[in-house]
Amino acid sequence: MRLPQLRRRGLTGGLIGAAGVAVVTLACLPTRPDGKAAPALLLVLPVLLTAIIGGIWPAVVIAAVSGLILAVVFLPPIGSPSVAFGEDVLALVVFLAVALAVSALVAAVLDAERRRLAADEARLAAMEGADEQRRALFRSVAHELRTPLGIVHATGTELLDAEVAHSPEVQEHLLRLLVAETSRLARIVENLLAMSRIDAAAWRMEREPVDVGRAVDAAAARVAGGRDGPPLTVAVQPGLPDVLADPVQLDLVLTNLIENAVRHGGPGRPVHVGASFEGDQAVQVTVADQGPGIDPAVAERAFEPFVTSGDGRSTGIGLALCRTIVNGHGGTIELRGAHGGGTVVVVTLPLS
Amino acid sequence: MAHTEAGPSSSSPSPSPEPVILVIEDEPGYRTILDVALSARGYEVLLVGDGASALRAVNERNVDLTVLDLGLPDVDGVELCRHLRRFLRTPIVVVTADGAEDRKVSALDEGADDYVTKPFSMPELLARVRAQLRHRQMVAGLADEGLFRLGPLAIDTGAHEARLDGAPLALTRKEFALLELFARNAGRVLTHRQLLTQVWGSGGSIDTLRTHVTRLRSKLGDEPGGPRIEVHPGVGYRLRVDG
């Protein structure tokens, strides 16, 4: 329970308790000077009420006030806080002991109950959040797997169809398509595993000096291989120093970015990959396509996991994974609109 | 099989006019397989990857059938379907992702004739294409005058009379209106909404439609080669005539 709320509850309890004390006192006034037992017993009630509503500390205050009223108003000598020895002292002590003991007990029980409820609520909220995330993950993965699976299915059924006999060239072409799409499926699964390892913090970064130019070349060659994609050009500035990076993770980033550009850049439109100095403390890798470009609103959120750009088209977990890895290396990644349409992803990696 | 935008695909010098199929698809893998499979069946394939090129293609060429992927990146597929319908009288087959039920129905409402759900097998898609082209030929022959014939089905709109293999069908007024609508759109999937608004105006409910279609189906019988009303759950109905 939050502090202001607790304070408000204590104040309410105290006020109600004080009102109760006043009522009991006024009601018992006519019984003086003989009535001692009735006010002593009845004054326990407002203390108890305070403990129930406001907790133990307001109850202690109200008990003290009640004890004082008992001593001044009801126990002889009336009008003075001093109390005659003997029975009256005993009455006062017993009153305070009973009032405080009952209050403490009630307050402790109620408090435990409130705390249990609050914990339950928090746990429930956390579970719902995790559930929503899991659902989003399932949706995203399903979207992402669907396209390559659909292409594989259509291509496989076409190759099996006895109605037409394709030439060996066409057959090879279709088989290459099957291979390209299955490697895309493999990449998606690899991304998922990488993501889960990062989530579980089980993936330690193994940094070593990496030649960025060579890494870019290798990733571009792998994406280009086997598919009749758009033309892919690579330009690496000469004399680039090595960056300290985990080669496996860096490769995952580059492959994801280049594959994204090839896929979303639009049929036949070239994709350009560049690596160059950014100042003298960083290296910049850019992946530019000439596709329809990206809505600025989507660009800002594109690195969040599971953002899909309408129509079930998924930017998937690929970009989210890239950001996690790049940030882990102390670098930055952003999406920009390119001159004359298209999208550029800019990755900046510090040299040290 | 690499293509330039909207470029004609087949360079076969065959003089006989091949049906021209416009494929609107941006995903490279689907483009390749659709192009290969359709070309291999003797169709001329026009491949485009976005809405603007699609509209250009239908203005420049006579397209016999369009295969439209509803999930294009640059344009709403349903919207594009509506625009295409203004220029095209030939069939449009939309390709949708599984689970996009409402978009499928919207596309049919906007004038698409049939749909295929991803993942699809190539023979399935090819069968839809063939069926659409065949039905279109059949329906294209229908005159707007009172009497027309569709396989074993003969309809006389003036006399409000339908015959199946020469035998008159006992139909109520609504059943007749429904059958006429089906027959004029043979081969097309008609959505619940299209059927309701055209036969009942605004007064019909989906339950009314269902009862009428059920009765009409039983009256048409299930003779092989005869007209059949297909049920498309959550979408609508289609009259198929294979004769």
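Visitor: Leaving aside its neighbours within four places in sequence, with which residues is I33(B) in contact?

Guide: Two residues are in contact if their C-beta atoms, placed from the backbone, lie within 7 Å. By that rule, and apart from neighbours within four places in sequence, I33(B) is in contact with I151(A), A154(A), T155(A), E158(A), L177(A) and M122(B). This is a predicted model, in which local features need pLDDT of at least 70 and side-chain atom pairs count only at pLDDT 80 or more, while totals for chains, interfaces and linings use all residues. Residues are numbered from 1 along each chain as its sequence is written, and chains are lettered from A and ligands numbered from 1 in the order in which they are written.

Visitor: How many residues does the contact take from chain B and from chain A?

Guide: The contact takes 28 residues from chain B and 27 from chain A. On the side of chain B that touches chain A, α1 (28-40) and α5 (122-140) of chain B each supply at least two residues, and α1(B) gives the most, with nine. Helices (H or I, at least four residues) and strands (E, at least two) are DSSP runs, numbered from the N terminus.

Visitor: Which residues touch the most other members of the largest nonpolar core?

Guide: In soluble globular proteins, nonpolar side chains tend to be buried together. A nonpolar core is a set of buried Ala, Val, Leu, Ile, Met, Phe, Trp, Tyr and Cys residues joined through C-beta atoms within 7 Å, where buried means that 20 or more other C-beta atoms lie within 10 Å of a residue's own, exposed that 12 or fewer do, and partly exposed in between. The largest core here has 71 residues, of which I21(B), L22(B), V23(B), I33(B), L68(B), C81(B) and V94(B) touch the most other members. To this core α1(B) gives the most, with seven residues.

Visitor: In what order do the five strands of the open sheet in chain B lie?

Guide: Strands of a sheet pair through backbone hydrogen bonds, either parallel or antiparallel. Two strands count as paired if DSSP finds at least two bridges between them. In chain B the order is β2-β1-β3-β4-β5, with parallel pairing, and the edge strands β2 (44-48) and β5 (114-118) of chain B each pair on one side only. Five bridges join β1 (residues 20-24) of chain B to β2(B), and V23(B) has L47(B) as its bridge partner in β2(B).

Visitor: Is N62(B) buried or exposed?

Guide: N62(B) counts as exposed because it has 10 C-beta neighbours inside 10 Å. N62(B) is found in the loop between α2 (51-60) and β3 (65-69) of chain B.
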